[in-house]
Amino acid sequence: MSDTPFGFGLPPEEPEDGDEGKKKDPTGGGQGSGGPANPFGIGPGAGGDNPFAAMFGSMNPNDLGAAFQQLGQMLSYEGGPVNWDMAKQIARQTVSQGTPDGSKDASVGPSERSAVDEALRLADLWLDGVTSLPSGSVSTVAWSRAEWVEASLPAWQQLVDPVAERVGLAMGDVLPEEMQAMAGPLIGMMRSMGGAMFGQQIGQAVGVLAGEVVGSTDIGLPLGPAGKAALLPLNVERFGKDLSVSQDEVRLYLALREAAHQRLFAHVPWLRSHLFGAVEAYARGIKVDTSKLEDVVGQFDPSQPEQLQEALQQGMFQPEDTPEQKASLARLETALALVEGWVDAVVHEAAKPRLTSADALRETMRRRRASGGPAEQTFATLIGLQLRPRRLRDASRLWASLTDARGVDGRDGLWEHPDMLPTAADLDDPDGFVHHEQLDFSELDKMLGEAAKGPQKPPAEKPDEGGQDGPGDKGPRDEGKDDTDR
């Protein structure tokens, strides 16, 4: 994370000490830090008890206007628990700075768009033979990093808001009830700064993640618009840079993963809400460390807003050790593992006969998903949760066993309802699950078939289609037919 709280400071392309700064005397024009020539104590030599000096002493005065404007936006924010306007601004700034290895974002050219479109369409054709789920891609797109930020922010908002809301409420509850009425303005300011604090850190994390992701489903959740299969050509190139694998194979393998995710989320309608609901359930069980928050609020100095930022970075909340919280965490981790395990299994089945480097690419992706990157670690601090499939390999083995035992249709049929999916315990014993569920599903199919037919009438009440009724079985229609025949 940046050492500059809430994004204050000079733009990265400008030097911290401009031409005017070089002409200044370190003591503020030789008048002393509090002299008439420096009434606000602003400058490299400013300090003491002046709050403006504490906040802006190292800044070039030419940038004070922008800094005060940003401070005003921060304190006047009255939206939800996260200042998403600030998050978007910080994310785009982070993207524009480039990655640590010097890779800069750039617009996607026509040739790159064509290559991505061709790879995603070919991937869909390959997947047709290894899964019963049809294509989930309505369109294909090649994104720059900045375009990925724009497209993914709505999903991040749905993920992060529940946790940030709990922290925001806690910031207003740390004061005694009898003092809250008198401290209304302070509480409002604290919540505004809390929203800005989350916005600044989430924005930077999203910006860093934009330099790492290769598509819209890298973390196992659908971060882009529904039905839009996407790859980031610049990051695809970086992914395969040190693998000694041709770019065409790398692009095709990553396109297979993106297209497989799209199929799953498009044709398992409950899956998205199941995953995001598990995150929300987990957030409801988070317990805010009010003692730490009380210390921050009690010692809060408006001239040092970074105190709130540092407290958040250290983690002010933790999950409650309750059966409900453990269940919600297990539910989420198992769901993520099942999604990633299914994608891993079907992609390998499609890629193995066609890509010479399929095994190497599979192992590289597995390690990448298991370890996570710095941006994922940031989100683990912010929301108290690591969005990683801890049991990816176990889930992949289970899906492969199901394919061998029940075929593609039987395997993919498990996605029809969340109660049909394997549990965390089933990942420990995949063979037991496969054979046990084989018997159960035959009974379930029978029950569903009978229920679909509806209630059956007694045989005696059913007229014979050929009119050949037995003695004494005439109904009104039969009698009418007999009269006509006569």
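This report describes a pair of helices and several salt bridges in a predicted model.

**Helices H14 and H15**

Two packed helices are described by the angle between their axes and the distance between the axes. Helix H14 covers residues 323–351 and helix H15 covers residues 358–371. Their axes come within 10 Å and cross at roughly 165°. An angle over 145 degrees counts as roughly antiparallel, and H14 and H15 are therefore roughly antiparallel to each other. Their crossing is right-handed.

On the H14 side, the contact is made by Glu340, Asp344, Ala345, His348 and Ala351. On the H15 side, Ala358, Asp359, Arg362, Arg366 and Arg369 take part. By type, the residues of this contact divide into 6 charged, 3 nonpolar and 1 polar.

One of the H15 residues in this contact is Arg366. Its relative accessible area is 13%. Buried means under 20%, so Arg366 counts as buried. Leaving aside neighbours within four places in sequence, Arg366 is in contact with Asp344, Leu392, Arg393 and Ser396.

**Salt bridges**

The count of salt bridges comes to 19.

| Glu349 | Arg411 | 3.8 Å |

The salt bridge of Glu349 with Arg411 links distant parts of the chain. Glu349 is in helix H14 and Arg411 is in helix H17 (residues 392–412), 62 residues apart. Glu349 is partly exposed, with a relative accessible area of 34%, whereas Arg411 is buried at 1%.

Asp428 lies in helix H18 (residues 424–428) and Arg391 in the loop between helix H16 (374–383) and H17, so the pair ties together parts that are 37 residues apart in sequence. Asp428 is exposed, with a relative accessible area of 56%, while Arg391 is partly exposed at 25%. Salt bridges that share partners join Arg391, Asp428, Asp394 and Arg397 into one network.

Key: Residues numbered from 1 in each chain as written. Predicted model: local features only at pLDDT ≥ 70, side-chain atom pairs only at ≥ 80, totals over all residues. Heavy atoms only, no water. Axes fitted to C-alpha atoms, helices over the stretch in contact; angles between N-to-C directions. Helix = DSSP H or I, 4+ residues; strand = E, 2+ residues; numbered from the N terminus. Parallel < 35°, antiparallel > 145°, perpendicular 65-115°, else oblique. Left-handed = near helix turned anticlockwise from the far one by under 90°. Contact = heavy atoms within 4.5 Å. Nonpolar A, V, L, I, M, F, W, Y, C, P; charged D, E, K, R; others polar. Buried < 20%, exposed > 50% of the residue type's maximum accessible area, 1.4 Å probe, protein only. Salt bridge = Lys/Arg side-chain N within 4 Å of Asp/Glu carboxyl O.
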